[in-house]
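Here is a friendly tour of a structure, taken one feature at a time. Please keep the viewer open as you read.

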Amino acid sequence: MSVVSIRNLSKSFGGGRVTALQGINLEVERGEFVSLIGPSGCGKSTLLRIVGDIIEPTSGEVTVNGKTARRARLDRDYGIVFQSPVLYEWRTVAKNISLPLEMFGWDRGRRARRVEEMVRLVELETFEGHHPWQLSGGMQQRVSIARALSFEPALLLMDEPFGALDEMTRERLNLELLRIWAEIGSTILFVTHSISEAVFLSTRVVVLSARPGRIAGIVSVDLPQPRTAATREDPRFFELVTEVRERLHAAGADEVLEEAAFE
Amino acid sequence: MSAIALERPRARAVAVRRGIGRGAVFVLVALLLWGLWEGYRWLWIREGWTKPFLVDDTSMPHLHAIVRQLFEPARVNGPLLITLLWHSALFTAKEAAVGFAIGASVGFVLGVVLAHFRILQRGLLPYIVASQTIPIIAIAPMVVVGLGSYNIAAWLRVAVIAAYLTFFPVTVNTLRGLQSADPRALELMHSYAASRWKILWKLRVPSSLPYLFSAFKVSATASVVGAIIGEAPSSIPNGLGGAIINFNQYYALEPKNLWATNLVAACLGIFFFLAVVVVERLVVRRAPEHNA
């Protein structure tokens, strides 16, 4: 059974004047790492938010774990990570991570144990008592990831989580995310506008066309697991980056290509 | 980690230096104000100017004479003026503190209710605004007489008047503060399938705290003013309001008493303000760049 199943999904805004997404069909299997890539405004974030039942599709159907997106949200089937960490500045790192656990009514002892595990997972030991403003951007995003994973959701939705970080931090967090993904074995749906990031992380890259967003192609990434820093120098890595780039180009996504030129 | 550990002692040194700096500024401003008062006095007396008012020992006593007056007996063989005013200030402080507590609570609850029910907001807000345009001296006698018929202690009636001046800024800022929550943080709460109640307590209220404390600072001083004004129609002699009315009647005989009372009233207001600042420091945890 697919973790995420999207059938014939369309989304328009402004009473149908702007079509953001059109005729999207996608299945995401358990344990997959699927990236959505496309030019700005192609609706990739919109698609992610529809899967998370933050907004509703105009037509079509989304199921998560075989349930409606709404049911899945109410059952807390997914964790979400935004581009900004969205931490509560009045809470410490530990308290931020335990926020969803508090919401779900976990008792204190169980929360403390899980926070400890999560802090170790994202390698932020000794920072539990710090407040978000005392951390670097990369560390804040790690807290945000720990918070999303704290209740072991089957699905992790990530909306350009490393988009605001510098290249060095981004590459380090890419490796860290892959390690976490391997460790907990969850399914990840990941929005990015970086071609190399998408190829490096994913098992499949879904290329979206410029508005209205349609699936312009899906590239299966057959790079060996686990991926390491050396993966980025693998000739196959470059072939796949080129393939994704060409698909984007064919889809009229010149914007992403300009950005890619600097990578 | 080590970098942060190293920064701590330096941060303390910076804090100490900033403290000294603030103290110096306070003293400097106090000296400046004193100089302005005395300079104005000296110039107007020397030139014999009578506009906007005649300056003499009655209209503008020496500041040091006002301070010295505090340590003179208020009546022949009576207690020192400062002792008298200390007790008055305590009495007024009680009225103001209780009034502030009532006003802040009512204001907060009203803000929460209005934030959650749009229709109420549209329907009630104009009346709440109107309530603040009615002068307190018009309301005070009604409150005093009205509540008096229910056998409520006089000082508590004054507290209600203080509350009347207190609740409005709290309501307005609660409304604003509750709506200030980061939309992404709200989406996050949505993703946790959080109830309205949980969103209120875990996100909206903590987000509103900085706004709430801004309101508390305004309200704290307003509650002192409310208490002082409220004492007049209640004919309560025990507070600063009573002292002001009393000394006002004998102004021509001894102006310094009234000035000294004003000084004490101002100190009480500042004390209330600072109390809120201290509580804010303890309660609101946020990035240092927000702390002005």
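The report below covers a helix pair, some backbone geometry and a domain layout.

## About the model

Please bear in mind from the start that this is a predicted model.

## A helix pair in chain A

Two packed helices are described by the angle between their axes and the distance between the axes. For α6(A) and α7(A), that angle is about 20° and the axes are 11 Å apart. Angles under 35 degrees count as roughly parallel, and α6(A) and α7(A) are therefore roughly parallel to each other. The crossing of α6(A) past α7(A) is right-handed.

Which residues make the contact? From α6(A) come A:Gly137, A:Gly138, A:Gln141 and A:Leu149, while α7(A) supplies A:Thr169, A:Leu173 and A:Ile184. Sorted by class, the contact of α6(A) with α7(A) holds 3 nonpolar and 4 polar residues, with no charged ones.

## A:Glu183 on helix α7

Helix α7 of chain A spans residues 167-184, and A:Glu183 sits within it. Is A:Glu183 buried or exposed? A residue is exposed if 12 or fewer other C-beta atoms lie within 10 Å of its own; A:Glu183 has 10 such atoms, so it is exposed.

A:Glu183 can also be set against A:Leu9, which is 174 residues away along the chain. The C-alpha atoms of A:Glu183 and A:Leu9 are separated by 32 Å.

## Two glutamates with positive phi

A:Glu152 has a positive phi, near 50°, and is a residue other than glycine. A:Glu152 belongs to the loop between α6 (137-149) and β7 (155-159) of chain A. With 10 other C-beta atoms within 10 Å, A:Glu152 is exposed.

A:Glu160 is not a glycine, yet its phi is positive at about 45°. The loop holding A:Glu160 runs between β7 and α7 of chain A. The cut-off for a buried residue is 20 or more other C-beta atoms within 10 Å; A:Glu160 has 20 C-beta neighbours inside 10 Å, so it counts as buried.

In chain A, the peptide bond from A:Gln225 to A:Pro226 is cis, with omega near -10°. A:Pro226 lies in the loop between β10 (215-220) and α9 (235-250) of chain A.

Chain B has a cis peptide bond joining B:Lys51 and B:Pro52, where omega is about -5°. B:Pro52 is placed in the loop between α1 (2-47) and α2 (63-69) of chain B.

## Domains of chain B

Chain B is divided into domain 1 (2-60) and domain 2 (81-290). How far apart do the C-alpha centres of these domains lie? The distance between the C-alpha centres of domain 1 and domain 2 of chain B is 28 Å.

Methods
Residues numbered from 1 in each chain as written. Chains lettered and ligands numbered in written order. Predicted model: local features only at pLDDT ≥ 70, side-chain atom pairs only at ≥ 80, totals over all residues. Helix = DSSP H or I, 4+ residues; strand = E, 2+ residues; numbered from the N terminus. Domains from an automatic or database assignment. Axes fitted to C-alpha atoms, helices over the stretch in contact; angles between N-to-C directions. Parallel < 35°, antiparallel > 145°, perpendicular 65-115°, else oblique. Left-handed = near helix turned anticlockwise from the far one by under 90°. Contact = placed C-beta atoms within 7 Å. Nonpolar A, V, L, I, M, F, W, Y, C, P; charged D, E, K, R; others polar.
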